Amino acid sequence: MSRRWNPAWVILALWLGAAYAAAEQMQPMGDYQAHYSVVPTLFLTPEIAARYQVVRARDRALLNVSVLDADGTAVAAQVSGVVRNLLGQEQALALRQVVEGEAVYHLAEVEHGDREVLRFLIDILTPDGARHRLEFTQKMYWEGR
């Protein structure tokens with residue numbers, strides 16, 4: 001299988017720099033793959049943040065989820081989810097789909113404390129009608145502390 005570049009991740013890599021692009025993670029989901037990352041919003045330029053209506057702040061991170069088919073082509077999927085801290089406090093993720101050319105990705109802002117551990121619970125409905133759960137934990141830090 002040949003891998004094509006996903007334009008969504010190319011765009012995100014340009015925004016965030018090579019160090020954070022390498023931190024991208026992937027989970028297989030049947031015939032699909034979920035690619036995801038969580039990065040501080042302060043890594044976005046003010047122009048990019050304004051373009052995508054993202055609040056830049058030290059206590060905010062940006063979740064990016066993209067679903068690819070077996071050929072590496074981005075596909076539209078239904079993505080929803082929540083994030084929980086270690087105390088069980090839950091925050092619904094206001095995921096919004098962004099389509100740019102062939103790129104399809106889902107963005108949500110996450111508010112967090114300094115050194116807070118968050119558990120992400122993401123539900124994905126792929127184009128074949130299958131439901132998948134993406135779960136991961138990430139420790140968050142305030143930028144500029």
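Biologist: Which side chains does the polar contact of 3.3 Å join?

Modeller: The side chains of glutamate 100 and tyrosine 105. A polar contact is a pair of N or O atoms within 3.5 Å, one able to donate a hydrogen and the other to accept it. This is a predicted model, in which local features need pLDDT of at least 70, side-chain atom pairs count only at pLDDT 80 or more, and totals for chains, interfaces and linings use all residues. Residues are numbered from 1 along each chain, and side-chain values use heavy atoms, without hydrogens or water.

Biologist: With what else does the glutamate 100 side chain make a polar contact?

Modeller: With the side chain of arginine 51, at 3.2 Å.

Biologist: Where is glutamate 100, and is it buried or exposed?

Modeller: Glutamate 100 lies in strand 6, residues 96-100 (strands are DSSP E runs of at least two residues, numbered from the N terminus). Its relative accessible area is 19%, so it is buried (under 20%; exposed is over 50%, partly exposed in between, with a 1.4 Å probe and protein chains only).

Biologist: And threonine 73, where is that?

Modeller: In the loop between strand 3 and strand 4. Threonine 73 is partly exposed because its relative accessibility is 22%.

Biologist: How many residues are in the largest nonpolar core?

Modeller: There are 24, and Ile122 is among those with the most contacts inside this core (buried Ala, Val, Leu, Ile, Met, Phe, Trp, Tyr and Cys joined through side-chain atoms within 4.5 Å). Strand 3 (60-68) and strand 8 (116-125) are among the strands that each supply at least two of its residues.

Note on methods. Helices (H or I, at least four residues) and strands (E, at least two) are DSSP runs, numbered from the N terminus.
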